[in-house]
Amino acid sequence: MSSSDGTFSLPPDPTESWWPYIVATIVAIISTIRACMSGKSYKSTKDMQGKVVIITGANTGIGFEVASDMAQRGARVVMACRNLVAAHTASKHIKNKFPSALLDVREMDLSSLQSVVDFVQKLPYSNIDVLVLNAGVVFHPFELTEDGFETHFQVNYLGHFLLTRLLVSRMCITPGARVISMTSQAHFASDICLHDLNLQINYSPRRAYGQSKLALLLMTRYLGCMLQDVNVNFLAVNPGLVRGTKHVSSSPVLSESLVIRLAMHPLMWLFMKSPKQGSQSVIYAALDPELDDYRGAYISDCEVKTPSQLATDDKLAADLFERSLSLVAAKAMAAGVSQVWKTEQSSAS
């Protein structure tokens, strides 16, 4: 093609004019997916000064984000962690961001019922406003704890069961107190094996993890119904799929090869929440006043949702509760705790 000055030039490439639109479309699609997958954010200016908040596993992931939020609101945050070095490092990060944060780092290893008892006996606070049962393990190979229980079952559920019982008397005298259990979407594909809670007959890490999360949800709903007349509300939270947690790093899929891990990272960034985004439903459960009317509710994406059919099975919940009661009672009484739990509402306080 010749121009007026006699030089030749190539005709314009029609695809060049489309590139800005293609890029803009790709960015828009990615932004839409990220917005959908990140879930809702909970906005509240509620002040927590004078409140005591206990968070298990507060040194990392969702627990760390909840601890940061509660500290920013003025609460005294008890960081109950197995790894004290990691917990103190996490507390320093929070302090650097919020210099006035009130943090109390304390050791508690949920794989030891004695450690749970020791934690409670050394706790100097008479009133406790919020207890977040966050710590846990996932995809752990079969292993029995020192107390003789499968690791997922004790760390995720039974240790928290005991902790809740030992603290509930202090929470009953605290108006508006809440116990928040961290459950999971995995509970939808899980069941409770009452005759073999250790799953020694047919063990798999996925099954053990799912059972422990369903057990937490059943405990939450059972106590929410049983303790209708006390100040404490029990709520279960599904934070969604969250990257940067043990659930991801311990996944059998990602542990297979470096190539798979590298390939999965962009997908995890696109389709999974950050720990801060995952913490929003927990913060909602801890603070929102409307939840006073929802006893033993299941919360996902900052809304009250319907859990699995098994999670609403009252008989299963009662059977699991009584079985857990007997398992923990023997261990706790040997450690000097004379009464582990009484199911009568009148004695709960």
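## The second largest pocket

In this predicted model, the lining of the second largest pocket divides into 5 nonpolar, 7 polar and 6 charged residues. That lining comprises 18 residues. Those nearest the pocket centre are Glu65, Asp69, Gln72, Lys276 and Gln280. The space inside comes to about 350 Å³.

Three helices each supply at least two residues of this lining: H2 (61-72), H3 (84-97) and H10 (280-287). H2 gives the most, with 5 residues.

## Helix H2

H2 is largely enclosed by the rest of the structure, because 10 of its 12 residues are buried. The buried set is Gly61, Ile62, Gly63, Phe64, Val66, Ala67, Ser68, Asp69, Met70 and Ala71.

At 1.5 Å a residue, the 12 residues of H2 should span 16 Å. The end C-alpha atoms are 17 Å apart, which agrees. Just after H2 comes Gly74, with a positive phi of about 100°.

An α-helix has 3.6 residues a turn, so residues three or four places apart point the same way.

## Gly63

Gly63 lies in H2. Is Gly63 buried or exposed? Its relative accessible area is 2%, under the 20% cut-off, so Gly63 counts as buried.

Which residues does Gly63 touch, leaving aside neighbours within four places in sequence? The contacts are Ile55, Gly57, Ala58 and Asn134. Gly63 and Val282 are 219 residues apart in sequence. In space, their C-alpha atoms are 9.2 Å apart.

## Cysteines

How many disulfides does the structure hold? The count is 0.

Cys193 has a relative accessible area of 7% and is buried. Cys302 is buried too, with a relative accessible area of 11%. Both values fall under the 20% cut-off for buried residues.

Notes. Residues numbered from 1 in each chain as written. Predicted model: local features only at pLDDT ≥ 70, side-chain atom pairs only at ≥ 80, totals over all residues. Heavy atoms only, no water. 1 Å grid on protein atoms, 1.4 Å probe; cavity = no way out; pocket = protein on both sides within 12 Å on 5 of 7 lines; lining within 4 Å. Points joined across faces, edges and corners; volume = space filled by probe spheres on them. Helix = DSSP H or I, 4+ residues; strand = E, 2+ residues; numbered from the N terminus. Nonpolar A, V, L, I, M, F, W, Y, C, P; charged D, E, K, R; others polar. Disulfide = S-S within 2.5 Å. Buried < 20%, exposed > 50% of the residue type's maximum accessible area, 1.4 Å probe, protein only. Contact = heavy atoms within 4.5 Å. Expected span 1.5 Å × (residues − 1).
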